[in-house]
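Let's take a walk through this structure together. Have the sequence and the 3D view ready, and follow along one piece at a time.

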Amino acid sequence: MDGSLDFEFEDPLLSSPVVTKKRKKVIGLDDLLSDYYKEKSKLVERESIQEKAKKAYNSDDDVNTKEASLSEVIDQCQNQMKEISGEEDMSMWGMRVFGNQKVPPPLAFPGLGSCALLQFFMKNELNSLFELDSDKGDLFLEGLLANGWLSKLAFICGHVEKSMAVWTFNLMLYSSKEELRTSACDFWCAILSSKDEPVLIDWLPSYLELKGALEIYGFEYKFSFNRDSLPAGSNCGGPPQNIRSWVRFVAACSHVRNKLSILSTSEAEELVEVIIFLFLDHQLHGLAVLLYECMQSLISYFTEKEWKNSCNKIAKSLACRVPRDLNCLRAVECISGYDTCSKQLRSSVAYQILLVCFDNKATDEEEIMRLLIAINVKEKGCDLFKMYIYLVLAENWLLVNQMLEHKPVINEMWGLYLRNCSCQISSTDLRSFASKVRNKASYLLQGTVTK
Amino acid sequence: MENSIGRGGIEENILAILDASETKETRDANDDRIAFLEAVRAASIVPESGIPPTNKMCAAVFRILRVGKSLELIMPSFQLLNELDKRYPRLYLSSSDRSKSSSSAPLELVLVKEAWLPFVADLGTSSSEKEVADKNLGGPFDSSGFHLLIQDLAKVARDANFKTLDTKSLGSMLVFQYLLNVLEGDMLPRKSGETMNWTLLRESLLNMVLISLQGSRKLNYKVLVRDCLTVMCGLYQIQSTFSNDPTYLETSVVKPSDNCDPAVAVALPEIGNNTCIAMQKLLTLIMELDMSKKEADMQGYTTRADGVRTPLIELILDELTYNDEILCPFLQVFNDPKWKLEIILQYIWKYTSKPPVRTRRSNGSTDDATLSGALKCFSSTTSTKSIIKKIGIEVIQLLLAHAFKAHLFLSSGKCPALGDPDSKEDVRDNPLVEICENMISAFNSLRRVDENMEVLSFGKEALFTAATILSTMS
């Protein structure tokens with residue numbers, strides 16, 4: 001993108017309105033357009049006066065020409081705007097996290113009708129009313145599940161049979177019926193988190209099952225940055241509705257670590273990464289609260305001792321996988337908890353991405369600050385988009401964790417870096433992202449002064 | 001002092017981020033709004049000693065929630081508002097450090113008077129009818145605005161399928177959820193005292209909203225209640241049929257869809273479900289307030305200014321009685337066991353000739369007694385016959401089965417596990433066993449009266465559960 005927005009050698013009249021579209025704070029687009037039209041209409045007026053002098057009889061034509069020339073200019077402007085905004089796709093984050101879905105496993109569970117819960121009842125005299133047999137058992141159990149009886153029965157019996165556990169688990173992850181997947185998820189959350197009524201569960205899912213479900217949903221462990229996926233109504237793939245239950249279940253699992261061990265620490269680490277990637281998909285915006293809660297319960301899964309190490313591992317692994325555009329900022333910002341552990345994670349993820357951005361040339365904090373300060377923003381070839389990313393990453397690395405309080409050297413370098421960004425970029429700088437970098441830096445600089 | 005200077009400066013800086021983008025709908029303006037939300041978070045939420053947001057900042061966040069056009073803006077503003085309320089509550093309990101009394105002194109209610117609210121300040125003064133809603137787009141709500149919001153949601157719930165649902169209706173749902181969080185956050189601390197204190201409850205936001213609604217000539221409380229029920233039942237029905245619609249299934253596999261934004265489709269079950277829960281919260285909060293008011297009335301604490309309001313439970317019962325269509329979805333979706341049981345029992349009593357004598361006690365044990373009281377109405381053939389005549393056999397089944405389920409969720413005590421020998425002696429005393437037996441015999445007596453009776457599947461599930469409980473315990 002270097003130079004692509006460099007209009008210095010172009011007709012200033014044509015290019016300037018377009019460029020200012022992004023710099024409205026400096027000179028309003030409207031101002032420039034109106035200036036331009038003033039000039040233009042003066043010109044047209046002058047011409048028309050001349051023409052009127054020649055042929056005073058044809059004034060209608062005159063108006064038409066004026067209109068035509070005006071609309072031509074407007075069209076030109078609009079086209080140019082479109083072109084520019086096309087190039088600006090990078091100012092959007094968003095990834096297609098889900099590709100094509102695979103065929104889910106069959107939901108019917110052969111031995112279900114002969115589960116003890118039903119068999120027990122069939123001996124009951126009441127069964128004359130039901131005419132329940134092993135064949136119709138599935139349907140009846142679905143009703144019990146959907147209407148919320150099943151969890152109550154589990155508490156009363158203090159026991160969930162294997163067939164029941166597997167069956168409900170699969171419904172939760174793969175059923176296409178909202179009613180069933182939600183109630184199956186409710187059922188699992190209830191039996192996992194029951195406090196005063198301990199329930200013996202004969203079968204527990206493992207991480208493999210959770211991971212397998214993600215693969216069937218089309219979740220791609222290797223991500224592709226897909227700009228086409230951004231407009232609404234895009235086709236092919238996309239998350240299935242079951243992802244909601246999946247997320248809720250993961251949250252419930254990590255809550256009950258002290259009772260049931262479903263996840264290992266390394267699996268929980270992977271899940272944190274998955275949740276962060278789910279945040280990168282625009283299609284999942286509506287689940288933001290759910291994802292946030294899931295992330296919080298995953299983070300609280302770790303003991304204090306484990307966290308130091310795990311936090312680092314997650315950050316390093318993420319840094320290698322996140323694209324180094326606005327997506328990486330989103331990945332940092334979606335870690336929005338305000339407990340110490342979340343802040344640590346946010347800070348380390350930002351730091352690790354920053355290291356990767358500089359191809360791991362820096363090995364410690366001072367070195368990375370030195371690299372940042374060495375960037376000359378006045379230089380024409382300086383990539384201000386990258387600069388913007390560095391700036392936000394550094395902000396998150398340094399400010400979220402109150403790291404600066406203990407490191408005066410870094411603090412000083414940070415101040416210098418901010419001054420570089422805010423003072424050396426002039427307010428009339430028309431390069432892409434110049435105003436963004438400048439505004440951000442001066443905002444942060446004011447923050448350091450008020451402190 | 002230092003804090004307040006810092007706060008002003010920060011407010012200015014943070015609000016400056018929004019400056020240029022007040023009304024625009026460009027990508028840049030949206031970026032600015034997101035940057036603004038992040039900045040408020042960074043200043044007020046993230047640091048341990050964060051700076052409370054100023055009223056202008058809160059109002060700006062709320063505006064973004066109300067007028068935001070994309071989920072990308074609506075969701076974080078919704079989250080941020082809730083976080084701010086949690087972090088800086090307007091009303092909270094604190095141990096009174098100023099008081100000289102001993103450490104066991106009761107907690108003191110602290111009201112931060114200057115704190116921002118999504119409701120207008122003069123809610124209580126119902127006399128002044130203002131047309132705020134249109135003029136003040138994105139601003140705080142007054143009671144008529146609140147009514148309008150619920151009306152909008154009812155409209156969505158009434159004729160929407162998920163094709164017509166858009167980001168705007170999701171936004172309204174989130175606004176409603178937030179308002180409910182505020183109303184609840186304002187109510188809970190007032191109720192935390194050991195004894196009910198009507199003076200505190202009278203000043204609650206919810207009571208002010210209700211008084212203002214009552215005082216208004218334009219607004220009709222009854223209509224509002226009907227709309228509330230429509231929202232709750234309608235949204236529930238949209239969702240339960242959601243996935244089964246073939247057009248959606250197709251879009252989820254390959255077909256491009258013009259009318260169904262995938263982000264909205266993914267968001268709807270989550271946000272819709274939470275809206276149902278919020279609506280249920282509104283209804284239970286009002287019913288509890290009604291109950292407290294009645295109690296205060298009896299003790300002579302209310303004044304003329306408190307006005308007269310038909311208790312919500314009566315209005316709900318009217319709706320359920322005269323609008324058959326919503327009875328079933330209402331029972332399905334409304335799952336606060338205590339109030340559900342109460343509503344069902346009152347419904348049954350409306351039709352039984354001799355309402356059982358109830359002794360009012362505030363603890364939960366009365367509920368046990370009353371359900372078995374209701375079940376006893378079915379012990380004789382004649383009384384069963386007369387109830388069937390009045391209520392209809394299907395409705396009776398639904399009522400009994402739902403009441404039984406609510407009862408199960410209320411009786412939290414763990415039942416002895418299968419084959420636990422020690423507990424066998426107590427079985428006869430267990431009220432749950434009695435309820436289960438009466439439940440089964442009530443259904444049997446229904447069948448005796450009407451031989452062609454078809455047992456509804458929900459009824460079967462209830463009977464199955466009752467029978468399983470019995471065999472587990474014997």
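## Before we start

A residue is called buried if 20 or more other C-beta atoms lie within 10 Å of its own, exposed if 12 or fewer, and partly exposed in between, with C-beta atoms placed from the backbone. Helices (H or I, at least four residues) are DSSP runs, numbered from the N terminus, as are strands (E, at least two).

What you see is a predicted model: local features need pLDDT of at least 70, side-chain atom pairs count only at pLDDT 80 or more, and totals for chains, interfaces and linings use all residues. Residues are numbered from 1 along each chain as its sequence is written, while chains are lettered from A and ligands numbered from 1 in the order in which they are written.

Start with H18(A), residues 384-399. Of its 16 residues, 15 are buried, so this helix is mostly covered. Its end C-alpha atoms sit 22 Å apart, which agrees with the 22 Å that 16 residues should span at 1.5 Å a residue (the expected span is 1.5 Å times one less than the number of residues).

H19(A), residues 408-423, also reaches 22 Å from its first C-alpha to its last, close to the expected 22 Å. Its buried residues include Trp414(A), Tyr417(A) and Asn420(A).

## Helices that meet

How do H12(A) and H13(A) cross? Their axes come within 10 Å, at roughly 160 degrees (axes are lines fitted to C-alpha atoms, for helices over the stretch in contact, and angles run from 0 to 180 degrees between N-to-C directions). The two are therefore roughly antiparallel; angles under 35 degrees count as roughly parallel, over 145 as roughly antiparallel, 65 to 115 as roughly perpendicular and the rest as oblique. Among the residues making the contact are Ile275(A) of H12(A) and Leu291(A) of H13(A).

Over in chain B, H6(B) and H9(B) pack at about 90 degrees with axes 9 Å apart, and are therefore roughly perpendicular. Ser143(B), Phe146(B) and His147(B) of H6(B) meet Val209(B), Ser212(B) and Leu213(B) of H9(B).

## A buried glutamate

Glu270(B) is found in helix H12 of chain B. Why does Glu270(B) count as buried? Because Glu270(B) has 21 C-beta neighbours inside 10 Å.

Leaving aside neighbours within four places in sequence, Glu270(B) is in contact (C-beta atoms, placed from the backbone, within 7 Å) with Arg244(A), Gly286(A), Leu287(A) and Leu290(A).

Note on methods. Contact = placed C-beta atoms within 7 Å.
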